[in-house]
Amino acid sequence: MLKIYRVLVTQSLAETMTYRVTTVLTALFGVLFYAIDLITGGVYFSFTPTIYGWNFLDYLNLITTANLISYAYQFLFVAGHEDLVDQILDGNLDYSLLRPVNSYWFHASYRVDFPSLVTLLLTGVIEGVILSKLHPTPLNLLLYVVAVIVGIGFVFALNQIMVTLAFWVDGLSALNGLPEDLMDASARPAKIYPRVIQQLFLWVIPSLAITNVPAQFGHNQPTWLLLWTALVTGVLLVISYIEWQRGLLKYVSAN
Amino acid sequence: MKYWLTCQNALMATLAYRGNLVLNLLTTAVNVMVTIFMWLAVYNFSGRSDIAGIQPNQMVIYLIVVNVLALIFSAEPIFKFSGLVRSGNLSVVLMRPINYFIQSFWDYLGRGLPFLVIYGLATGFISPVFRRGLLYGLGSLLLMMLTYGMFFLMITAISLCSFWLVQVWPLRPVLSALFLLLGGQAFPLQVLPPAFAWLIYNPFSLAGNQLTLLLLGKLSLNQILLAGGWALGWAVVALGILKIVWPRGIRSYEGVGS
């Protein structure tokens with residue numbers, strides 16, 4: 001499995017090197033929007049030192065962590081997901097279905113998006129600096145890393161579920177941006193939202209928890225919500241796997 | 001009359017893709033909600049009822065209106081023109097007995113019409129603009145039209161880079177970012193320190209920030225005149241660029257597509 005993944009990564013790298021300008025531009029735009037987030041945060045906190053107990057550094061920690069999760073998902077899975085919708089709609093899955101590999105994971109990890117690696121590394125370095133100022137205990141730091149990994153799993157599962165819907169409905173491509181919009185809206189302190197919205201996105205679709213939980217571990221405020229997000233992510237992954245298998249039964253080849 | 005048909009077609013195109021329109025509005029609504037809740041929290045914790053002359057309820061209206069304006073002032077003509085140059089179909093357009101720029105303007109108007117109607121209704125019902133005397137009302141209307149024309153000319157001037165660039169897609173995120181930051185979509189530019197006051201008269205701010213403040217009744221007649229003057233200035237600059245660059249672009253245009 002690892003050997004196959006290495007080949008897929010090498011192919012992705014070769015493709016990236018072919019479109020060097022695109023790579024540089026995509027990385028630049030990632031940095032640009034992150035910078036806008038930083039400036040906007042700076043404006044908010046120029047009027048008040050804290051918002052619901054979050055100071056500017058905590059806020060930076062939150063948006064940087066949210067970006068870290070988002071770029072890690074983009075680096076590892078987004079190119080595979082974009083490709084998968086086309087493969088399903090064009091009826092081109094035959095070759096991968098014939099291979100002696102797990103088709104779910106083969107398509108999920110079909111390509112890595114190297115331009116996102118640049119922004120991922122940059123965000124990682126900034127987050128490292130922020131964490132060094134927040135001084136989380138080693139246990140909290142470990143749980144921070146766990147929470148980020150759970151977050152990547154959650155974003156992957158949401159997108160996988162959306163993408164696999166292509167087996168049943170075409171023309172849903174516009175909906176594929178919804179998980180991204182949801183995660184963008186979740187990159188804020190949960191408490192700014194009215195109670196109903198908080199409960200909905202902390203417990204039912206825990207996108208707010210996914211961004212807020214690691215940030216809380218970062219500034220030494222451990223929370224049991226991590227267990228809940230891990231559980232929901234696990235359930236979503238199982239759902240996406242079952243959906244994939246059901247989808248394959250609906251699949252019509254165009255070859 | 002022939003251009004009016006273009007406008008109608010563009011409007012129909014916007015309304016025909018209802019799914020896209022609804023999703024576009026939904027995404028905008030979510031973004032606006034996020035920003036509104038964040039600003040309300042800022043008001044709450046700063047203990048201020050007024051930030052840069054804007055009260056919390058006015059900030060809510062500001063954020064909604066500036067996002068509607070971001071939909072009105074789209075950069076779509078750039079990508080349409082780039083498509084024409086790349087495919088070589090610009091030749092067909094040039095042979096028609098029409099002025100491409102006038103047609104493009106009516107197309108722009110038609111595409112943005114649903115959002116323009118929303119802005120117009122908000123101006124008519126919420127805003128005090130038309131209750132401050134004839135001169136103020138006329139000045140405001142003139143500023144709106146001038147800014148709209150200026151922004152279209154500016155986008156059109158930018159679109160001419162398609163003659164030399166194969167791919168113009170990178171302009172999409174750049175222009176979104178500029179509107180977000182310089183257009184006052186992320187926050188009203190008035191909240192910035194006085195050292196940044198000069199930013200208010202950039203084309204994006206005139207289109208987003210200033211037209212929203214106008215709707216809120218925050219601009220004095222003098223400020224309207226000043227904004228109008230700047231809009232006119234930018235429009236002249238854009239026209240100048242169009243006049244100089246268009247003939248050069250046409251000379252370098254091969255007409256066969258890529």
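Helices here are DSSP runs of H or I at least four residues long, while strands are E runs of at least two, both numbered from the N terminus. This is a predicted model, where local features need pLDDT of at least 70, side-chain atom pairs count only at pLDDT 80 or more, and totals for chains, interfaces and linings use all residues. Residues are numbered from 1 along each chain as its sequence is written, chains are lettered from A and ligands numbered from 1 in the order in which they are written, and side-chain values use heavy atoms, with hydrogens and water left out.

Back to α4(B) itself: it covers residues 76-87, twelve in total, and spans 17 Å from first C-alpha to last, close to the 16 Å expected at 1.5 Å a residue (that is 1.5 Å times one less than the number of residues). Its buried residues are Pro77(B), Ile78(B), Phe79(B), Phe81(B), Ser82(B), Leu84(B) and Val85(B). Buried means under 20% relative accessible area, exposed over 50%, and partly exposed in between, with a 1.4 Å probe and protein chains only. The cover over them includes α5 (90-95), α6 (100-125), α7 (134-159), α8 (171-182) and α10 (221-252) of chain B.

Now the rings. Over all chains, the structure holds 42 aromatic pairs. Rings of Phe, Tyr and Trp (its six-membered ring) pair if their centres lie within 6.5 Å; planes under 30 degrees apart are stacked, over 60 edge-to-face, and the rest tilted. Here are two of them:

| Pair | Centre to centre | Plane angle | Type |
|---|---|---|---|
| Phe45(A) and Tyr59(A) | 5.3 Å | 50° | tilted |
| Phe101(B) and Trp246(B) | 5.0 Å | 70° | edge-to-face |

Phe45(A) sits in α2 (residues 20-45) and Tyr59(A) in α3 (residues 56-90) of chain A, so this pair ties together parts 14 residues apart in sequence. Both Phe45(A) and Tyr59(A) are buried. In chain B, Phe101(B) belongs to α6 and Trp246(B) to α10, so that pair ties together parts 145 residues apart in sequence. Phe101(B) counts as partly exposed at 23% relative accessibility, whereas Trp246(B) is buried at 19%.

Ring pairs also link up into a cluster in chain A, with Tyr73(A), Trp105(A), Phe167(A) and Trp244(A) among its members.

Notes. Contact = heavy atoms within 4.5 Å.
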